[in-house]
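Dear colleague,

Here is the structure I promised to pass on.

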Amino acid sequence: MYRLTTHSAIADIPADQWNRLAGDDSPFLRHEFLDAMERHGCVGESLGWLPRHLALHDADGHLVAAAPCYLKFNSYGEFVFDWSWADAYRRKGLRYYPKLVIASPYTPATGPRLLTGDSPARREHARALIQGAIRVAEEAGVSSLHWLFTADDEQALLEDQGLLRRVGCQFHWHNRGYSTFEDYLGTFTAEKRKKVKRERRRVVESGVRIRRIPGNAVTEAEWATFHRLYCDTFDKRGGIPTFSLPFFQAIGETMGESLLLVLAEYGNDIVAAAFDLVGARSLYGRHWGCFQDFHSLHFEACYYQGLDYCIEQGLTRFEPGAQGEHKVSRGFLPTPTWSAHWIADPAFRDAIARFVTLEAEGMDDYIAEMQAHSPYRRDSSASAVSAPAAGRDSE
């Protein structure tokens, strides 16, 4: 009834058909975004990300489901850490790599991984896609297949097909219908509200000016400066700046309305920048860099400007990136993130199943601990809405 094909280039799949399935709230899954990575050297053999995109066709040849899939030879750029699993395989004399990963590279943002659009048969298509992906993994002889940062509804479908659930935690913000930033701060306790106001005031008093620019209005010079800032951050931390300047320039041209660049200027110079992706309902914070330190500038550029933007544009959610307990005091509450894992070796599957069960119990405790540091007043609507439990049942 269905036919699954694999593709070593996203360009092999028509952009309009892919984007129809991906939806409008996950810009990091857009055809333009994935294609720019492939065209401009951000993925490939040298980086351990080889495209193996999945496309599911019905009996009439129509594309009904898809997934961004990569053959991986390392675990870099995934943000769901499995190095201990790879080490366990090595100690047993087995190979953990290569494996298959379904995700948007270097992007720890929740979104659909079973791209099915809004078809009435989307659940049926999703199940066929999962089963087809497992067959691809079996035929390729890989150790495992991993679906990273999945949406809640598809996580349940993946678990129904026998995949293991793993839970993580990020810190997300939800818009409760705030009319202004001041309205938002009104839900904080007095102490936390004063702290945020003081941080924002310090940036203004330092003489730093902030500009928010949509991606289709960023100049070549501004992209070049931002890219130097982006690379500088990775150089300081010993990482690899995988996104090239041509990549940023390309997505600025092809999907600029889905990008937001926050520039901080001092005198005549750009001294810092934050890069965000914009969906129909959500904002996703991705990259930050600075040439010169100013008190609280990181918080202003990466969080407060994003919150301002969400409130102004009526966006309902802000994911400011992975990790960062300091986000809690600024209104980003602990939120479970999900991944699903197929393990070929039965013995290792059992061992990993025990591991993720124990890990989830610890994550429950961690989320509860972080929730206790919420800055919101107890009588505010924000404090009344808590994150779902990490150990929820499949739907």
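A word on terms before the findings: on a 1 Å grid over the protein atoms alone, a cavity is a set of points where a 1.4 Å probe fits but cannot get out, whereas a pocket is an open set with protein on both sides within 12 Å along at least five of seven lines, and lining residues are those with an atom within 4 Å of a point. Grid points are joined across faces, edges and corners, and a volume is the space filled by probe spheres set on the points.

Please bear in mind that this is a predicted model, in which local features need pLDDT of at least 70 and side-chain atom pairs count only at pLDDT 80 or more, while totals for chains, interfaces and linings use all residues. Residues are numbered from 1 along each chain as its sequence is written, and side-chain values use heavy atoms, with hydrogens and water left out.

By the rule above, there are two cavities of 30 Å³ or more. The largest cavity, with a volume of about 40 Å³, is lined by Pro108, Ala109, Gln170, Tyr284, Gly285, Arg286, Glu319 and Gly321. Strand 12 gives the largest share of that lining, three residues, where helices (H or I, at least four residues) and strands (E, at least two) are DSSP runs numbered from the N terminus. By class, the lining of the largest cavity has three nonpolar, three polar and two charged residues; here Ala, Val, Leu, Ile, Met, Phe, Trp, Tyr, Cys and Pro count as nonpolar, Asp, Glu, Lys and Arg as charged, and the others, Gly among them, as polar.

The second largest cavity also holds about 40 Å³ of space, and its lining includes Phe243, Phe247, Phe248, Arg286 and His287. At least two of its lining residues come from each of helix 9 (245–254), strand 11 and strand 12, and the lining as a whole comprises six nonpolar, two polar and one charged residues.

The largest pocket contains about 900 Å³ of space. Of the 34 residues that line the largest pocket, Phe79, Phe234, Arg237, Arg286 and Ala322 are the closest to its centre. Its lining has 16 nonpolar, 13 polar and five charged residues.

Turning to the sheet, three strands form an open, antiparallel arrangement in the order 1-3-4, where two strands pair if DSSP finds at least two bridges between them. Strand 1 (3–7) and strand 4 (63–67) stand at the edges with a single partner strand each, so one side of each is left without a neighbour in the sheet. Strand 1 pairs with strand 3 (residues 53–57) over five bridges, and Leu4 stands opposite Leu56 in strand 3.

Finally, two glutamates deserve a line each. Glu319, in strand 13 (residues 317–319), has a relative accessible area of 2% and is therefore buried, a term that means under 20% relative accessible area, with exposed over 50% and partly exposed in between (1.4 Å probe, protein chains only). Glu319 touches, among others, Pro108, Gln170, His172 and Tyr284, leaving aside residues up to four places away in sequence, contact being heavy atoms within 4.5 Å. Glu199, found in helix 7 (residues 190–205), is likewise buried, at 6% relative accessibility, and with the same exclusion touches Ser296, Phe299, Tyr304 and Arg330.

With best wishes
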